[in-house]
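Hi there,

Here is the structure I promised to pass on to you. Have a look at it, and then read my notes below.

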Amino acid sequence: MKAAVIESAGASPRYADFAEPQSDEAHEVVSLVAAGIHPIVRSLASGRHYGSRGIWPSIPGVDAVASTADGTLVYTGNVAAPYGTIAERMPVPEGLRMPLPNGADPVQVAAGMNPGLSSWMPLTARKHELEAQEHGGLGTVLVLGATGTAGILAVQNALTLGATRVIGAGRDEDRLQAVAEAGAASVRLTEERERDAARIRSALAGERPSIVLDFVWGGPAEAAFAALSRGGLDEDEGDTAYIEIGALAGAEASVPAALLRSTRIRISGSGAGSGTMAAIIRELPVYLGLIAAGAVSVPISAFPLSAIAEAWTAAGAAGTRAVVVPG
C-alpha cells in the first residue's frame, strides 16, 4: 500500500510503499478517509516526544476518520508502530472505532478531535469539580497559545461549557482577531516577560481564572505566573487549576516559590499518559457531536496522501490544520 513513510527520527515523510497491515482478533484493517497532521504527530516523528517509540521506518499519524469494510465511517486511532494513520490502510484496535454522527464532515472531525479534546478533557473535569464543590461554573478561563488550532478550539470549548469570560493570549496579531471573533478577550504577547505579565494581569482585571490552559509553556508561562502572583498574607479567595498541555514556546518554565505559597493554585499536565483511556472514550461521542453540529470548528487545508511532503510543511503553520485525504 501507499503511505507517508518516515525513515529515521527527524526525517520528513515521503510518499512510498509500505507493507500491508494485517487484521487479527483485536484489530481491524480500515481505509483512510482523513487524518490530521497535529503537532504531536510531528513531535513523535522527530523522536523527541516522550511517547516516541524509536521504530523506523514508520508511518506517522495518531488518529483518523476511516472507512470499515462495510463502508461505516469511524473515528479511530491508537495504531501500533510501525503503522500510523497517514496511510491508505491501517490496523485499528477493536475498542477504538467510534461511528461518526450523521452529517459529520470527516475532514473537520479529523482536524478537530485531537486538538479539541486536549482542552475539552481538562475543562470538563474542572467544571465537574467546581460544580461538586458548589462553586458554580467555570467563570474566567485563560488560554495561553490561543492563536493556534488547539487554542482557538479551547476558546470555543470554554464558551460551550458555560465560561462567563475567556481570555486568549498569543503572539500572532492577525490570529488574535480570530480569537476575538470566537468570543474571547485577546491579549497580544511580546516575548518580554514583564510586559506580558502586565497585559495578562490587566486583562484579568482582578479576577482569578478558575483554569489556565497553557499550550506553549516557556516564557509565556512565566509571564502568566507573574500575573497570577499576589502579595500579602491574607487567605487567597481564588482557586486556579493551571493545566500544561503543550510546550511550543519552550520545554521548561521557572515556577516562583512565592506563587505556590501565596496563591491557591495547582499546576498539572494534560496529555497522553496523564489521563485514562476510559475517560477519553467516554467523551468521544460528545465531542464528535459538537463537531457534527458545527458548534466547534477550525480552518483546514486538505492535501492528498501523495502530496505528504507539502502537507507536512503546511502543518507547521499556526491556526490552520493540515489534513491528509486519499489520493
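How are α2 and α8 oriented to each other? Helix α2 (residues 106-132) and helix α8 (residues 277-293) have axes that come within 9 Å and cross at roughly 125°, so α2 and α8 are oblique to each other. Angles under 35 degrees count as roughly parallel, over 145 as roughly antiparallel, 65 to 115 as roughly perpendicular, and the rest as oblique. Axes here are lines fitted to C-alpha atoms, for helices over the stretch in contact, with angles running from 0 to 180 degrees between N-to-C directions.

Residues of α2 that make the contact (heavy atoms within 4.5 Å) include Gly-112, Gly-116 and Trp-120, and those of α8 include Glu-283, Tyr-287 and Ile-291.

This is a predicted model, where local features need pLDDT of at least 70, side-chain atom pairs count only at pLDDT 80 or more, and totals for chains, interfaces and linings use all residues. Residues are numbered from 1 along each chain as its sequence is written, and side-chain values use heavy atoms, leaving out hydrogens and water.

Now for the whole chain. Its secondary structure comes to nine helices and 15 strands (DSSP runs, numbered from the N terminus: H or I of at least four residues for helices, E of at least two for strands). The C-alpha atoms fill a box of roughly 65 × 40 × 35 Å along the principal axes. Of the 327 residues, 49% count as buried, meaning under 20% relative accessible area with a 1.4 Å probe, protein chains only. Among contacts with a separation of 6 or more, 71% come from residues 24 or more positions apart.

Enjoy exploring!

Notes. Buried < 20%, exposed > 50% of the residue type's maximum accessible area, 1.4 Å probe, protein only.
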